[in-house]
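Colleague: I am new to this structure. Please show me how to read it, feature by feature.

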Amino acid sequence: MPYLTRPIPHLLLVRCLSSAHLRDHHFLLRFAALAKELSDKPLPLPPPSRPRSPHPYDYNRLMSAHAAFDAVGGSGAGADRALHLLDEMRGLLQRQPDAACFTTVAAALSSASRPGAALAVLEAMAADGVTPDTVACTALVGVYACHLQRFDAAYEVVRWMTENGLAPDVVTYSTLIRGLCSAGRVAEALGVLDLMLEEGCRPNAHTYTPIMHAYCNTGMIREAKKLLDSMIAAGCAPSTVTYNVLITGLCKIGAFEEVEVLLEESSSKGWMPDTITYSTYMDGLCRSGRVDKGFALVDRMLSNGLQPNEVTLNILLDGVCRSSSAWAAKCLLERSGELGWDASVVNYNTVMRRLCDERRWLTVVKLFTDMPKKGIAPNNWTFNIVVHSLCKLGKLHCALCLMRSEEFVADVVTYNTLIRHLSLSGKSNKVYLLFHQMLEEGIAHNEITYSLVIDCLCREDKFTVALSCFYRSLEDGFFPSVISSIVRGLIVGGKLDELHTLIGWIRGQGFAIDVYMYQEVIIALCKNGYCQGTEMYKVCHILERMLSLR
């Protein structure tokens with residue numbers, strides 16, 4: 001193994017290997033060696049705490065360094081530090097930050113998924129009388145388009161730029177296209193691309209890559225490959241990121257031979273695969289059960305001068321879980337200290353998730369208790385996995401207690417998990433209590449929440465409350481899955497007259513119901529004798545509305 005500096009004592013792996021087949025021992029040994037090698041690498045040093053001088057240039061350099069360090073660590077602390085430095089300039093030093101300082105901090109907050117704070121920084125820039133430049137306006141377009149999905153506001157910024165002599169550049173248009181593509185508005189993004197060309201703004205790889213990503217996400221691989229060909233034909237060289245997006249799409253459909261062709265032709269096509277390229281390919285192979293080929297990619301990476309990172313390691317750990325068992329991977333985690341492996345919370349989450357797949361709920365809880373002993377702080381994903389496991393074990397009270405602990409910030413996934421299992425236990429009062437608690441905690445309901453609550457209330461024959469919940473879901477902008485829940489609940493509960501009235505009201509509000517839902521309603525009406533006598537008109541009424549969809 002080319003990456004192994006010191007051998008791993010085989011005895012340390014005996015318990016891990018005892019739960020795996022002989023053919024899988026190689027994967028466990030290789031993973032342990034790679035984990036140790038990665039843990040031996042020194043961590044990057046954080047940026048200095050103070051700038052060299054109080055000049056805006058030095059402050060901006062330090063802010064950028066904190067933002068870049070945050071992008072690697074992903075903790076959000078870098079954005080906070082950059083914001084603190086900006087406030088320090090404006091307050092303590094009484095020194096006016098320039099547009100670059102404000103833009104750097106706004107971009108850092110935006111990258112940390114804090115668009116509201118980013119918007120506040122840009123508003124502060126305007127309040128301080130600092131004239132925005134093209135970069136600042138582009139950051140504002142990014143906040144509106146990529147995070148808040150307020151496209152009217154994003155277009156207004158572009159219009160203001162044009163009217164005030166700040167020509168939108170390729171970054172501005174590419175940012176707008178990225179936001180549109182992330183919202184599924186690909187046709188509109190292509191319209192912006194046409195506008196760029198009309199304005200004489202030459203697109204680059206950053207412009208095309210979001211469109212490629214949107215195509216691949218929706219399974220439109222043929223269109224993605226055509227886009228790649230059109231980029232090359234137009235003289236726009238695709239970047240490594242562009243190829244990585246295409247490789248992700250190809251891996252999703254199992255087109256590994258095409259991935260191999262792309263890698264073999266990389267030199268002649270003028271792009272260099274990076275660690276993300278190989279990690280993406282490795283993930284696809286492991287997910288399709290080709291774990292041996294996934295591990296073989298490590299040698300190819302090393303031969304090309306690339307080093308596996310923590311993401312690569314976690315993909316391989318997931319491969320270990322798939323090839324042998326999550327139990328073997330769990331044993332590796334428990335002995336990570338002896339192996340010289342600095343296991344992370346992401347590694348624990350991966351193994352715990354796979355243990356859930358194997359229905360080893362109690363083992364998940366035991367592994368969770370092992371984390372604090374190693375100084376590993378659980379994150380929300382960890383807590384949600386444990387809450388799910390406790391619910392599966394029937395320990396609903398323990399799950400509720402864990403949710404209320406100070407260390408745990410519950411999210412919509414947590415509440416949906418608890419609501420689902422409380423509903424299955426027939427505890428509708430607690431379900432509705434959690435439903436209202438979400439509002440008090442500022443956690444927005446989603447379609448799954450509404451569907452679960454409506455299903456629960458209908459099973460408990462609380463149809464009036466279920467209808468009230470349904471109307472509320474419409475106010476929140478949810479419809480398709482929620483209408484299925486209320487319709488099926490009313491059918492099962494025998495409330496067909498109420499259902500007929502509800503369908504009329506829904507149509508009157510301008511909402512559409514799909515043909516399959518109409519079919520279920522008609523079948524229910526016929527089974528309950530509505531095809532005979534005076535009630536026949538209700539069936540005809542529903543049938544007429546269904547036929548109008550054709």
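Modeller: Start with contact: it means heavy atoms within 4.5 Å. Helices (H or I, at least four residues) and strands (E, at least two) are DSSP runs, numbered from the N terminus. This is a predicted model: local features need pLDDT of at least 70, side-chain atom pairs count only at pLDDT 80 or more, and totals for chains, interfaces and linings use all residues. Residues are numbered from 1 along each chain as its sequence is written, and side-chain values use heavy atoms, with hydrogens and water left out.

Colleague: Which residues in α11 and α12 meet?

Modeller: From α11 come A205, Y208, I211, M212, Y215 and C216. From α12 come I221, E223, A224, L227, L228 and M231. Sort them by class next. Ala, Val, Leu, Ile, Met, Phe, Trp, Tyr, Cys and Pro count as nonpolar, Asp, Glu, Lys and Arg as charged, and the others, Gly among them, as polar. By that scheme the contact of α11 with α12 has 11 nonpolar residues, no polar ones and 1 charged.

Colleague: How do I describe the way two helices pack?

Modeller: Two packed helices are described by the angle between their axes and the distance between the axes. Axes are lines fitted to C-alpha atoms, for helices over the stretch in contact, and angles run from 0 to 180 degrees between N-to-C directions. Here α11 (residues 205–217) and α12 (residues 221–233) pack at about 165°, with axes 8 Å apart.

Colleague: At what angle do α5 and α6 pack?

Modeller: Helix α5 (residues 99–111) and helix α6 (residues 115–127) pack at about 170°, and their axes are 8 Å apart. That makes α5 roughly antiparallel to α6. Their crossing is left-handed. On the α5 side, the contact uses A99, F102, V105, A106, L109 and S110. On the α6 side, it uses A117, A118, V121, L122, A124 and M125. The residues of this contact divide into 11 nonpolar, 1 polar and no charged.

Colleague: Is T104 buried or exposed?

Modeller: Buried means under 20% relative accessible area, exposed over 50%, and partly exposed in between (1.4 Å probe, protein chains only). T104 lies in α5. At 16% relative accessibility, T104 counts as buried. Leaving out residues up to four places away in sequence, T104 touches N60, M63 and S64. A polar atom of the T104 side chain also lies 2.8 Å from the backbone oxygen of A100.

Colleague: What joins the side chains of S423 and R459?

Modeller: A polar contact of 2.2 Å. The term means a pair of N or O atoms within 3.5 Å; within protein, one must be able to donate a hydrogen and the other to accept it, and residues adjacent in sequence count only if both atoms are side-chain atoms. S423 sits in α25 and is buried, at 6% relative accessible area. Not counting residues up to four places away, S423 touches V431, L452, C456 and R459. H421 is buried, with a relative accessible area of 10%.

Colleague: Why is α22 called largely enclosed by the rest of the structure?

Modeller: Because 7 of the 10 residues of α22 (residues 361–370) are buried. They are W361, T363, V364, V365, L367, F368 and D370. Their cover includes α19 (326–334), α21 (345–357), α23 (380–392) and α24 (396–403).

Colleague: What should I look for in the loops?

Modeller: Most residues other than glycine have a negative phi. S113 has a positive phi, near 60°. S113 is in the loop between α5 and α6 and counts as exposed, at 56% relative accessibility. R359 also has a positive phi, about 60°. R359 is in the loop between α21 and α22 and is exposed, at 60%.

Colleague: How many helices and strands are in the protein chain?

Modeller: The protein chain has 32 helices and 0 strands. Of its 550 residues, 50% are buried.

How values were computed
Parallel < 35°, antiparallel > 145°, perpendicular 65-115°, else oblique. Left-handed = near helix turned anticlockwise from the far one by under 90°.
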